[in-house]
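Hello,

Here is the structure I promised to pass on. Please have a look at it first, and then read on for what turned up in it.

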There are 2 protein chains.
Amino acid sequence: MSLLVTGSIGIDTVEAPSGMVEDALGGSSVYFAYAASFFSPVRFVGVVGEDCPQDFLKPLADRGNIDLAGLEVRKGSKTFRWHGKYHDDVNQRDTVSVELNVLGEVGPSIPPQFRDSKYVFLANTHPDLQIELLAQLEGASLVVADTMDIWIGTEREMLIDLLSRIDGLVLNDSEAMQLTGKSNIVQAGLECSTMVRRFVVVKKGEHGSLLFVNGKVYPLPGYPTEKVVDPTGAGDSFAGGMMGYLAEQDIIDAETLYRAIAYGTVVASIELEDFSLNRFTEIDRSDIDARFAEFKELTTF
Amino acid sequence: MSLLVTGSIGIDTVEAPSGMVEDALGGSSVYFAYAASFFSPVRFVGVVGEDCPQDFLKPLADRGNIDLAGLEVRKGSKTFRWHGKYHDDVNQRDTVSVELNVLGEVGPSIPPQFRDSKYVFLANTHPDLQIELLAQLEGASLVVADTMDIWIGTEREMLIDLLSRIDGLVLNDSEAMQLTGKSNIVQAGLECSTMVRRFVVVKKGEHGSLLFVNGKVYPLPGYPTEKVVDPTGAGDSFAGGMMGYLAEQDIIDAETLYRAIAYGTVVASIELEDFSLNRFTEIDRSDIDARFAEFKELTTF
């Protein structure tokens, strides 16, 4: 099934205990698209500035099943830049600098040939823009969005309006608590799940995730990762693996959703083993399936 | 199989957002013994002072399969007391007061008829005392201990000596990191597992646990609990459910250990639904098995 993603494209500089990269390919839609492309063709929508290096998105183009017709190179604008630094405990990071640049301007438009997309992921951005993008995708059968603390704090009403229009929401545990004011994550997730049409996935980083659907809670552990080089993009890779699997299966029941978050977990666990998209460019679907099988074996009782 | 536990017996006062109890039955060996008794007969070893109310341990005696021959009422001594206060987020608590009393004196001795115990759990106490108790239990085939941050900080060498003599260790994630100096919990747990004979279980509270055995890591999520009244004793109930199940099965392979921590998770998830042992006194093995079946269904992919 057709799967469309809109989100950020970033020029990332990342410092971590095991090394650093400068001006590397990053951004939510980039990690998402690559992760999803292991399962399903992807339609990509995003904007860069004219400073963006030629061939910067070549890793996506080289996949063969990521359609970049929705990539806009905007004249007179600059590409989003992010510089982060991880602590020795890589669960902690500081943002050294952010330049919103083109992300602070009007959003991209959905190319006409993408408007019949059935599966849609609206990566984190201003909820106003997410609503605007959604309006261009009226034929979608499953729309899932990500959000973040800043919008919960400053654009709550607009965010709640967005949630009422979408099928699924992916967010962090702290964000679910912020959105609902509840400190128990099960209560928080259940309340979030009443704000959307179908389901909520609460991400807990290394501790795994919780799926809330049909009033039930399905807990999944994290994949036990001994080698974390760079967690940047893990959340977006999780969402990409999840949505890619759903689009491939084209079934949206609790069992398939749970298997989808298990695939998301596995894909994210591979992504964070190196900087940027480096690990992704070394693997194929069989590596994902092998780790999925191992994860299943480790967690069956 | 015979299962012996040694640990604290406490007169607990607990304040939580949903209420409080004063002078309630608590302590590591008490929670452990009750939890384990759903699976296996338990031999109980512990000390109270002469201030301990008559019939204070009646809930244990009433079980019918907890042998209290190892309970010492020490003349001239006072019972351990603990007063804790949970925050609105019940994952946070303050210790209002602690009176070590009898726990600061010499330990209990193991009654002769208990010395052939095959399964042994040494709940958290000074590692010196744990070693002393262990010396009285030379026929044990599986010895598991708990420990805590204070001993890792102040009695590291003695603790490491203890670990080399036991089969399994149960500890919190922060304690595993403290013991090894590693901030990655998988690395920390793997290193801990080289310090003992067989396995390590790292507890992560609501986030579940990790089993380290034979160089492999088995992650288990927490049971998703919407109603947490009082988390006191949840860790000891986890260990009790785990050890009770192992003693019942009398098999110590990775598969059985993993199922044992799933049982421990389920038993703990019931225990924290009310103060002290209140929930335990309302349930039987069939309630545990029903929740275990539900937990299995929620986590199968």
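**How the two copies meet**

The copies meet through the same surface, because 96% of the interface residues of chain A are also interface residues in chain B. Please keep in mind that this is a predicted model.

How many residues does each chain bring to the contact? There are 28 residues from chain A and 28 residues from chain B. On the side of chain A that touches chain B, at least two residues each come from α7 (185-193), β13 (216-220), α9 (254-271) and α10 (285-298). The element that gives the most to this side is β13(A), with four residues.

**Inside chain A**

Now for the single chain. Chain A is built with ten helices and 13 strands. Its C-alpha trace spans about 55 × 40 × 35 Å along the principal axes. The radius of gyration of chain A is 18 Å, which agrees with the value near 19 Å that a compact globule of 301 residues would have. Of those 301 residues, 52% count as buried. Among the contacts in chain A with a separation of 6 or more, 67% are between residues 24 or more positions apart.

One strand to look at is β6(A), which covers residues 80-86 and pairs with two others, including β2(A). Strand β2 (residues 10-16) of chain A runs parallel to β6(A), and six bridges join them. One of the bridge partners here is A:Phe80 in β6(A), paired with A:Gly10. Strand β7 (residues 93-99) of chain A is also joined to β6(A) by six bridges, but these two run antiparallel. In β7(A), A:Val98 is the bridge partner of A:Trp82. A hairpin of six residues leads from β6(A) to β7(A).

Chain A has a mean pLDDT of 97, and 100% of its residues reach 70 or more. For the complex, the predictor gives an ipTM of 0.94 and a pTM of 0.96.

Enjoy exploring it!

Best wishes

Note on methods: Residues numbered from 1 in each chain as written. Chains lettered and ligands numbered in written order. Predicted model: local features only at pLDDT ≥ 70, side-chain atom pairs only at ≥ 80, totals over all residues. Contact = placed C-beta atoms within 7 Å. pLDDT = per-residue confidence, 0-100. Pairing = 2+ DSSP bridges. Rg over C-alpha atoms; globule rule 2.2 N^0.38 Å. Buried ≥ 20, exposed ≤ 12 C-beta atoms within 10 Å, placed from the backbone.
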